[in-house]
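Q: I've got a new model on my screen and I'd like to learn how to read it. Could you walk me through a few features?

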Amino acid sequence: MTDAARHPPFPQAARAALANTQLRHNLGHATHTIRAKRAEVVGEVPDWQQLREAGRALKERVLRHLDDYLLELEAAVQRSGGVVHWARDAAEANRIVGDLVAGHGVDEVVKSKSLTTEETKLNEALAERGIRAWETDLAQLIIQLGDDTPSHILVPAIHRNREEIRELFLRKLEDAPRDLSDDPHELAETARLHLRKLFLAARIGISGVNFAVAETGTIAVVESEGNARMCTTLPEVLISVMGIEKIIPTWRDFEIYLQLLPRSSTAERMNPYTSLWTGVTPGDGPQEFHLVLVDNGRTNVLADVVGRQALNCIRCSACLNVCPVYERTGGHAYGSTYPGPIGAILTPMLSGLDAAGSLPYASSLCGACYEVCPVKINIPEVLVHLRHEQVKHSTRTDGVRERLSGEHVAMRAMARIFASRRLYEAAQRLGRLGQWPLVRRGKIEHLPGPLSGWSSMRDLQPIPKQSFREWWRERS
Amino acid sequence: VSSTPQQVSLFITCFNDTMFPETGRAVVRLLERLGVAVDFPLEQTCCGQMHFNTGYVEETIPLVRRFVRAFADSDVVVSPSASCVGMVRDYYSRVAAVSGDASLQTDVAAIVPRVLELSELLVDRMGVEDLGAFFPHRVTYHPTCHSLRMLKVDDKPLRLLRAVRGIDLIDLPEAKECCGFGGTFAVKNADTSIAMLTDKIRSILDTGAEVCAAADNSCLMHIGGALSRQRAGVRTMHLAEILAHTEQRPGRP
């Protein structure tokens, strides 16, 4: 996620996105549709709140004992014929995967959708070693063909509409029929025929991981299209890459998450394909299985007592779909693999406040994300916590310059005023007297400096002649 | 169990004290009409929400101390601001923990359950919905995010409004969508805030209402500021101001 360092701060990136009419239209339509569907299928489950609580509690248990569970998982995978690799960071994860692929003398692999490899930039790392990784998830394929980056956790190409996709397929897919229309079935069929050839030829498949069962070493991938089923069953060799927090203790725990995830994610009662495999089965499926466990900043998140709940995330994307900020700016403005509310907390914790310090402020703290989160991540709480960390961080790194910044000076001055009744009442009187240069015809229409963002669209009423406390004193 | 407290302390909030004194006067008139004596501890200033939510937690600590001291003798504290009550209820214990001061933590734990938002006091604590109010105008109600999702006041404000004589209460489309205020968000992310506000204004204008009401003047200042800029002819009004009007003392939108 070194990209974040080069990415403009959120307010700047958002400004460009807000002006993109096509993006606003595509996103507004998509998020509102899925929002309504989710509400409907969640409403069908009478014990939804208990399920959320169970989902949260279990994830927190896993995080409390992550060291034990990881070793249990490793032993179970090895027992069933798999090989486990440990990667401290993105570079190490990419090197492990690259060595495995190169070791087999292969220069083309098929991939199912994986946020973790998106985070580690695996495709780019493989390309540097002359290995071509084909994305097989339809939306991920659209992203790859367009040299684009994902803008949504579940629907990476949510910012594209079907006219744009048709145009892209005609330009980039040699096997696309020349009379291709923008009918979704025709588009999907074109992708399907293109991908089928890749699946049948591939010797190595790479997948992500939704859940890994510590007790049995079973890996689970849930999906809609069947491409992950192809990637994980057809090739001779399967490499699965997972963030270390993706563990569930026992098989039984699927009971909770396979109810929570599909309904929150695609707004379905159950997703079409759920692939589960345990190590290697002779004569059936890949005969070589590698599991790559990736930290890449996760133990830092775990060390943050307020922030660690972000590791509960099961990547459903419900928080993105309900977020009024995401709905309008789209995912690219966040400059991270993880956009939206979960990205606004996860990205600064994974890649540092230097790279993503503006993200905790990219929220009105409306709380819609917390309300829908299937594992009860209190995103507003973590956002505010990270704002505290950001102020501490910039005071530490920028020292005097930060202490003298307009906001810092104003905040400290106001804190001093509010700490004394005498100063507070004096400030009320002073504000009333001092506002006259700004008041025109009973309104304030222009504010100076950093407050001009307010008055660009909103009038301000002047401070009234009598404060409440003055009225109260006069009355009693 | 509902019971009418004999005495409540008004936590006006710095913002209402300075910018919206009429809301405070309305709360006093309303509660006195219902037979509740109101006092106003003058030592109160600001709850610290802006500092806390913008990242200045150290600066919030003295404000929490001041709040706890100002309302130490109050059995019931009521405020016409959902977000300031949310700050006290959800985050004061966090600030106290950051301070490392055990006695502040004890004081916060003692005061938090005594602090109520206006509709909570009226509907939950006192068990009243029909307050004898009169407001013969077309009104739409915006449920602010903190009233809805922090305090979970649900439809309490709407139940109070439905009982107002003469009112023409119109449902606000997409009511639960944030208006885009978010405190310093409106300044730090002004463009995104305005995009959200634009959609909220459209919903309000679609209702044909003369008045947009809410349980928080901060969101209303944001919404009202845009309505004023657009010369929309629609004004904003705090819930308490509508509830304070009676046939003997009618109000105009």
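Q: Which cysteine sulfur is closest to the sulfur of Cys84(B), and how far away is it?

A: First, some ground rules: this is a predicted model, where local features need pLDDT of at least 70, side-chain atom pairs count only at pLDDT 80 or more, and totals for chains, interfaces and linings use all residues. Residues are numbered from 1 along each chain as its sequence is written, chains are lettered from A and ligands numbered from 1 in the order in which they are written, and side-chain values use heavy atoms, leaving out hydrogens and water. A disulfide is a pair of cysteine sulfur atoms within 2.5 Å. Here the closest sulfur to that of Cys84(B) belongs to Cys47(B), 3.9 Å away, which is too far for a bond.

Q: Is Cys47(B) buried or exposed?

A: Buried means under 20% relative accessible area, exposed over 50%, and partly exposed in between (1.4 Å probe, protein chains only). Cys47(B) is buried, at 3%, and Cys84(B) is buried too, at 10%.

Q: What share of the residues in chain A is buried?

A: Of its 476 residues, 57% are buried. The C-alpha trace of chain A spans about 90 × 55 × 50 Å along its principal axes.

Q: How many helices and strands are there in chain A?

A: Helices (H or I, at least four residues) and strands (E, at least two) are DSSP runs, numbered from the N terminus. Chain A has 25 helices and 12 strands. One of the helices, α5, covers residues 66-79 and includes Asp67(A).
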